[in-house]
Amino acid sequence: MKDITFIAKTFAGLEEVLSSEVKQIGGKNIVIGRRAVIFEGDKRILYRANYQLRTALRILKQIHSFKFKSVDEFYNSCLDINWQEWMNEKNTFAVYSTVNNSREFRNSMFASLKVKDAVVDNFRQKTGKRPNINTEKPEISINVHISENNCTISLDSSGESLHKRGYRIAQTEAPLNEVLAAGMILLSGWNGDSDFIDPMCGSATLPIEAVLIATNTPPGIFRKKFAFENWTDFDKELFLEVAEEENPKVLQKKIYASDISARNIGIGKANARNAGVYKHINFNVSNFKDLQIKANGTTIIINPPYGERLESKELENVYAMIGERLKHQYPGNNAWILSSSKELFNKVGLKYSEKIQLFNGAIKCDFRKYELFVGKRIV
Ligand SMILES: C[S@@+](CC[C@H](N)C(=O)[O-])C[C@H]1O[C@@H](n2cnc3c(N)ncnc32)[C@H](O)[C@@H]1O
């Protein structure tokens with residue numbers, strides 16, 4: 001069978017880790033794009049991509065690519081697509097478009113409208129019935145990408161964003177997105193071969209994703225639904241096969257999660273229980289200042305507060321305390337800190353060995369690595 005082109009969407013800064021993941025699941029001809037990884041594969045690879053990739057937000061399947069000189073030509077190309085391959089007249093659908101530098105389409109709404117008309121007319125001509133629009137919860141999401149005179153039409157195979165794993169039942173004030181958390185862990189190089197500490201864990205996104213990585217548990221295990229299950233060509237047997245492709249690893253090392261707030265630890269525990277990983281995480285209510293863990297070769301990942309609620313002086317003290325603790329309590333380990341503030345990073349007072357730009361929502365952040373040598377090099 002001919003390979004299909006897929007586009008896995010992700011956050012800026014996670015493209016490289018996502019492409020390694022795509023390689024692992026058997027994706028071919030992998031190309032790194034902007035906040036995306038493009039690859040080829042068959043239906044099994046598509047199901048794996050949705051079920052197993054930790055750093056993908058959604059997987060699009062390209063169904064048609066064409067050039068057009070006019071709006072009519074555009075409409076006719078869309079009308080010619082054999083939509084019945086993926087949907088029927090009873091399905092609800094929605095069209096989402098992005099338009100760059102097009103003379104014909106000044107706005108994306110107009111492009112979406114033309115595709116919608118083409119789908120409806122195609123069904124009317126072939127079946128005498130038409131599928132209905134549902135922009136809230138469409139069964140079929142059609143993705144249109146126009147750049148100058150080129151158009152690519154894709155179907156969104158995921159539906160709800162893949163960061164919505166399904167295990168989070170409660171949240172603290174500024175939880176990390178699950179895809180970002182998994183990406184941070186993979187970028188740090190941690191794979192379960194050493195202990196892991198998140199001393200400001202909030203709702204425990206990092207420790208939960210760490211357990212899933214270390215035990216090789218697919219993130220899709222918690223999901224109730226993927227959009228491709230609505231497609232006419234859905235192969236349930238094949239999907240079950242993919243879901244049963246298990247290769248579990250036993251957790252060998254310790255995962256520690258602590259936070260100054262007892263309430264947040266309660267929320268983190270609830271999420272961990274719901275994810276079935278509670279027994280793998282050592283939870284603790286503690287100020288990082290007082291945290292006593294014997295660490296050696298451990299990876300420490302910290303997502304400290306940025307300052308929505310704390311006074312700037314308090315925040316400065318938190319970052320200075322982090323630097324002091326890392327230096328005195330954790331030599332011989334690697335620490336990574338995610339923060340948006342250069343000034344606060346300065347308060348840490350340690351030299352970083354690596355810096356990766358990431359986005360926490362709309363906030364541009366640095367993810368900085370500190371190799372905590374025993375001796376002078378860390379100051
Ligand atoms: C940005 S949130 C972490 C969010 C978390 N990564 C998540 O996904 O939910 C920062 C956390 O640091 C905690 N915190 C602030 N000061 C602390 C301290 N001195 N020691 C330990 N935790 C602290 C806060 O209670 C809060 O839960």
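How many nonpolar, polar and charged residues does the shell around the ligand have, by class? The shell has 12 nonpolar, 8 polar and 2 charged residues, where Ala, Val, Leu, Ile, Met, Phe, Trp, Tyr, Cys and Pro count as nonpolar, Asp, Glu, Lys and Arg as charged, and the others, Gly among them, as polar. This is a predicted model, in which local features need pLDDT of at least 70, side-chain atom pairs count only at pLDDT 80 or more, and totals for chains, interfaces and linings use all residues. Residues are numbered from 1 along each chain as its sequence is written.

The ligand is surrounded by 22 residues, the closest being Pro175, Met200, Gly202, Ser203 and Thr205; a residue is near a molecule if its C-beta atom, placed from the backbone, lies within 6 Å of it.

An open sheet of mixed pairing is formed by 7 strands in the order β11-β10-β9-β12-β13-β15-β14, where strands are DSSP runs (E, at least two residues) and helices are runs of H or I with at least four, numbered from the N terminus, and two strands pair if DSSP finds at least two bridges between them. Because β11 and β14 stand at the edges with a single partner strand each, one side of each is left without a neighbour in the sheet. β14 pairs with β15 in the antiparallel sense over 7 bridges, and Glu354 stands opposite Lys369 in β15.

| Helix | Strands touched | Angle of directions |
|---|---|---|
| α6 (residues 205-214) | β9, β10, β11, β12 | about 170 degrees with β10 |
| α8 (residues 262-274) | β10, β11 | about 160 degrees with β11 |

Notes:
Contact = placed C-beta atoms within 7 Å. Axes fitted to C-alpha atoms, helices over the stretch in contact; angles between N-to-C directions.
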